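Please read the sequence and the model below alongside this report. The text moves from overall dimensions to strand pairing and then to single residues.

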Amino acid sequence: MVKVAVMGYGTIGSGVVEILEQNKQRIKKTSGEDVEVKYVLDLREFEGDPIQSKIVHDYKVIAEDPEISVVVETMGGVEPAFTFVKAMLEAGKNVTTSNKALVADKGAELIAIAEQKNVNFLFEASVGGGIPIIRPLMSSITGDEIVEISGIVNGTTNYMLTKMTAEGLEFDDVLKEAQAKGYAEKDPTADIEGYDACRKIAILTSVVCGQQVNYEDIHTEGITKITATDILYAKEMNRAIKLLATSRQTNEGYVAMVAPFLIPQDHPLYNVNDVFNAIFVKGNMLGDSMFYGSGAGKLPTASAVVGDIVDMVKHMGKHIILNWDATPMVLADYKKCESKFFVRTKASKEEISNIFGKVEFVDVKSLADEIGFVTEQMTEAAYEEKAAKLPDLLQMIRLA
């Protein structure tokens with residue numbers, strides 16, 4: 001019998017408890033052990049809920065109980081989650097978390113403690129919800145050099161952009177609808193400004209390169225400036241606007257970015273819509289591969305957490321080696337990377353050509369008071385230099 005404690009009985013934590021109960025026979029068959037929840041740590045009481053008898057309010061009760069061998073952290077945020085998780089690992093307990101903020105900020109440190117104590121710190125659910133991506137990167141395709149990861153890793157923004165595309169709505173209207181449906185938080189900043197996606201690509205890059213990537217070093221743009229007019233241009237170009245988190249290997253090292261991109265119809269991420277997520281991986285031997293599924297939600301994310309629990313039960317007493325140490329990764333300068341850029345402006349075609357040289361104009365008949373065009377391939381730095389000379393710049397979106 002393996003005794004488990006769950007820290008945080010919110011959406012994901014309650015989902016973990018539900019799955020462990022509903023699928024207990026399946027879990028026993030795959031892990032080789034009965035798995036039972038002994039404690040649930042939460043500030044609240046849950047009168048009338050069967051879980052009330054297991055509620056504790058002090059994390060030390062869990063840390064000091066020798067019966068507990070696996071701890072689930074689903075509280076969110078860096079603190080007090082870091083303090084609690086560190087205490088559990090130092091007490092010789094395995095920990096799994098869905099907390100992307102914690103993993104992005106403290107992942108390498110917690111992995112090091114787990115190694116010292118011969119336990120495990122796993123975090124499959126921290127990226128992509130129910131999509132298996134961390135474990136494949138850590139084990140299934142470790143023989144490959146991963147040269148690129150590009151992903152739609154935020155369901156809220158993907159839903160909003162899908163809705164804007166389908167119905168021609170403006171950003172603010174779609175945001176209100178997403179909040180009403182529960183797809184967007186009351187304070188949606190982390191999603192719509194790209195911060196959530198930024199932490200996730202920092203985790204994936206850390207896993208791939210084996211070093212600590214500081215998410216604050218990643219150039220990040222959200223979707224708040226995307227308009228219905230941009231959608232009209234995208235349709236004229238037979239492309240879709242998606243918020244991509246990207247990381248790729250260059251001659252100067254890994255370069256990472258979060259920003260809206262115009263995706264062509266033949267791109268594997270083009271048809272990833274609504275709240276779904278997908279992560280495109282290119283290996284030097286594997287070639288192209290894509291992981292697709294529910295990127296958020298109570299049960300999909302909880303399912304990934306339970307997958308970690310099963311993995312830890314199967315490896316009880318043995319540390320699963322994760323190639324991620326605390327050595328800081330210095331990312332390459334994104335301004336040296338090349339792309340084509342879609343630009344909207346009120347400048348004349350003559351002014352555009354004088355500044356950017358050869359461009360491809362994009363005409364939308366209903367938009368007579370502005371001009372859209374696509375530049376030739378150039379570096380970010382070169383684009384910025386030219387764009388500074390362009391009068392009445394309205395928008396810029398990169399082409400994927």
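Predicted model: local features only at pLDDT ≥ 70, side-chain atom pairs only at ≥ 80, totals over all residues.

Residues are numbered from 1 along each chain as its sequence is written, and side-chain values use heavy atoms, with hydrogens and water left out.

**Overall form**

The protein contains 14 helices and 20 strands, where helices (H or I, at least four residues) and strands (E, at least two) are DSSP runs numbered from the N terminus. Its radius of gyration is 23 Å, close to the 21 Å that the globule rule gives for 400 residues, so the protein is as compact as a globular protein of that length; the radius is taken over C-alpha atoms, and the rule is 2.2 Å times the number of residues to the power 0.38. Along the principal axes, the C-alpha atoms fill a box of roughly 75 × 45 × 35 Å.

Of the 400 residues, 55% count as buried, a term that means under 20% relative accessible area, with exposed meaning over 50% and partly exposed in between (1.4 Å probe, protein chains only). Among contacts (heavy atoms within 4.5 Å) between residues at least 6 apart in sequence, 73% join residues at least 24 apart. The accessible surface comes to about 17700 Å², of which 47% belongs to carbon and sulfur atoms, as computed by the Shrake-Rupley method with a 1.4 Å probe.

**Sheets and strand pairing**

An open sheet of six strands runs in the order β3-β2-β1-β4-β5-β6 with parallel pairing, and its edge strands, β3 (55-56) and β6 (121-122), each pair on one side only. Two strands are said to pair if DSSP finds at least two bridges between them.

Strand β11 pairs with β9, β10 and β20, as the table sets out together with two other pairs.

| Pair | Sense | Bridges | Residues facing each other |
|---|---|---|---|
| β9 and β11 | parallel | two | threonine 220 and valine 258 |
| β10 and β11 | antiparallel | twelve | arginine 248 and valine 255 |
| β11 and β20 | parallel | two | phenylalanine 261 and arginine 398 |
| β12 and β13 | antiparallel | eight | phenylalanine 276 and serine 294 |

**Two residues**

Arginine 199 is found in helix α10 (residues 195-209) and is partly exposed, with a relative accessible area of 22%. Leaving aside residues up to four places away in sequence, arginine 199 touches Lys100, Ala101, Ala104 and Tyr215. Its C-alpha atom is separated by 26 Å from that of alanine 5, which is 194 residues away along the chain.

Glycine 143, by contrast, lies in the loop between α6 (134-140) and β7 (146-152), where it is exposed, with a relative accessible area of 68%. Glycine 143 and tyrosine 9 are 134 residues apart in sequence and 38 Å apart in space, C-alpha to C-alpha.
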